[in-house]
Structure formats: C-alpha cells, structure tokens
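Reader: I have a chain on my screen and some questions about it. Can we go through them one by one?

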Amino acid sequence: MTRLEPGEHAPDFTLTDDHGTAVSLRDFRGRKVIVYAYPKAMTPGCTTQACDFTQSLDRLQAHGYDVVGVSPDSPAALAKFRERDNLTITLLSDPDKTMLTAWGAFGEKKNYGKIVQGVIRSTFVLDEAGTITHAWYNVKATGHVAKLRRDLGLDAAPGPTS
C-alpha cells in the first residue's frame, strides 16, 4: 500500500461535494489545505472529528488553511451529515475510493482485532503549491484536531510581554 510522505506532491482529485458540485484539489492552489479521510458520516468518531474541525475552522482559516473531509459516503449522506451537525467544512464523496486509495487512506487495517479493508483515518497538510508538509495515518478521532493545531503551531502560548 502506498503512503504519502512529506515533500511529495499530493495526487490531484476531483470529487463531488455534499451540494453535488465537483471540487478539485487544484481549486485550493494558493492556499494551504488540510485533507482528512474518515470512514463513515454520522458515526460517533467521524462526527467528533468533523465537529472538531468545524469548531476550529475560523482559527485554521485565519492561518490560511482550508479543511476538506473525504469519505466514501454519497453526496446525499454528506448533506444529511452537514445539516445534522451544522458542519461548515468542505465534505467530499469518494464512493469508488480512488482518491482514498491513491493517498494511502484505503486498504488493510485492523478493526476490533480483525484485518479488514477499509478507510484508514488519515490527515494530510498541504502547502500552497500542493506539496505535503504533514501526513498522519491511523489517527484517533478524539483529540486529533487539537494535536494538529499544536503541531502546526497554531495554539502556541503567547510569549512574555516584558
């Protein structure tokens, strides 16, 4: 299974959002973007993660980051997810898992001790040119966004005011 590494150019994609509009990775050129892969809308962990990204979106955008969540869910399921949880992040549908596979976010994983094929919860940070600066696989839904913000230096404590 291919895994993306910092320094690599992110594979382009065009996927459908929850409004039925085609969205391409190249649409984000000139801005930094956080792309995260999650298994299924409206499940507990995926809801926690999407809500955490939504709650952090203003802070992330203030530092030049857009946020894109990708799952195999249909655009209609993503629309229900957005409405139910008041999500403000971009949600994209990859039903055939082409993008998820190309990014190393779909494949063998352990689920309750069994080896299964599925979406590997992953997060990627891209710079303005589409180069990967950070890539995390098998992340935990709870607390991941807070860790991401710390790792990106967005929650650094202010220095002394002397």
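Reader: How many bridges join β1 to β5, and which way do the two strands run?

Author: This is a predicted model. In it, β1 and β5 run antiparallel. D17 is one of the residues involved, and its bridge partner in β5 is L92. The number of bridges joining β1 to β5 is 2.

Reader: Which residue in the turn of the β1 and β2 hairpin has a positive phi?

Author: Strand β1 (residues 14–17) and strand β2 (residues 22–24) run antiparallel, joined by 3 bridges. L15 pairs with V23 in β2. The hairpin has 4 residues between its strands. With a phi of about 85°, the turn residue is G20.

Reader: K97 has a positive phi; is K97 buried or exposed, or partly exposed?

Author: Most residues other than glycine have a negative phi. K97 has a phi near 65°. K97 sits in the loop between β5 (90–93) and α3 (98–102). Its relative accessibility is 25%, so K97 counts as partly exposed.

Reader: Which strand gives the most to the lining of the largest pocket?

Author: The largest pocket holds about 340 Å³ of space. Its lining divides into 6 nonpolar, 2 polar and 4 charged residues. Among them is N138, which lies in the loop between β9 (132–137) and α4 (144–151). The top contributor, with 3 residues, is strand β6 (residues 106–111).

Reader: What is the angle between the planes of Y36 and F53?

Author: There are 6 aromatic pairs in the count. Y36 and F53 form one that is stacked, at 4.5 Å centre to centre. Y36 lies in strand β3 (residues 32–37) and F53 in helix α1 (residues 44–62), so the pair ties together parts 17 residues apart in sequence. The angle between the planes is 25°.

Reader: Why does Y36 count as buried?

Author: The cut-off for buried is under 20% relative accessible area. Y36 falls below it, because its relative accessibility is 1%.

Reader: How far apart in the chain are Y38 and F81?

Author: Y38 and F81 form a tilted aromatic pair, 6.1 Å centre to centre with 45° between the planes. Both residues, Y38 and F81, are buried. Y38 is in the loop between β3 and α1, F81 is in helix α2 (residues 75–85), and the separation is 43 residues.

Reader: Which residue lies over the face of Y137?

Author: Y137 belongs to an aromatic cluster with F13, W103 and F124. At 4.3 Å from the ring centre of Y137 lies R3.

How values were computed: Residues numbered from 1 in each chain as written. Predicted model: local features only at pLDDT ≥ 70, side-chain atom pairs only at ≥ 80, totals over all residues. Heavy atoms only, no water. Buried < 20%, exposed > 50% of the residue type's maximum accessible area, 1.4 Å probe, protein only. 1 Å grid on protein atoms, 1.4 Å probe; cavity = no way out; pocket = protein on both sides within 12 Å on 5 of 7 lines; lining within 4 Å. Points joined across faces, edges and corners; volume = space filled by probe spheres on them. Nonpolar A, V, L, I, M, F, W, Y, C, P; charged D, E, K, R; others polar. Pairing = 2+ DSSP bridges. Phe/Tyr/Trp six-rings, centres within 6.5 Å; stacked < 30°, edge-to-face > 60°. Lys NZ or Arg CZ within 6 Å of the ring centre and 35° of its normal.
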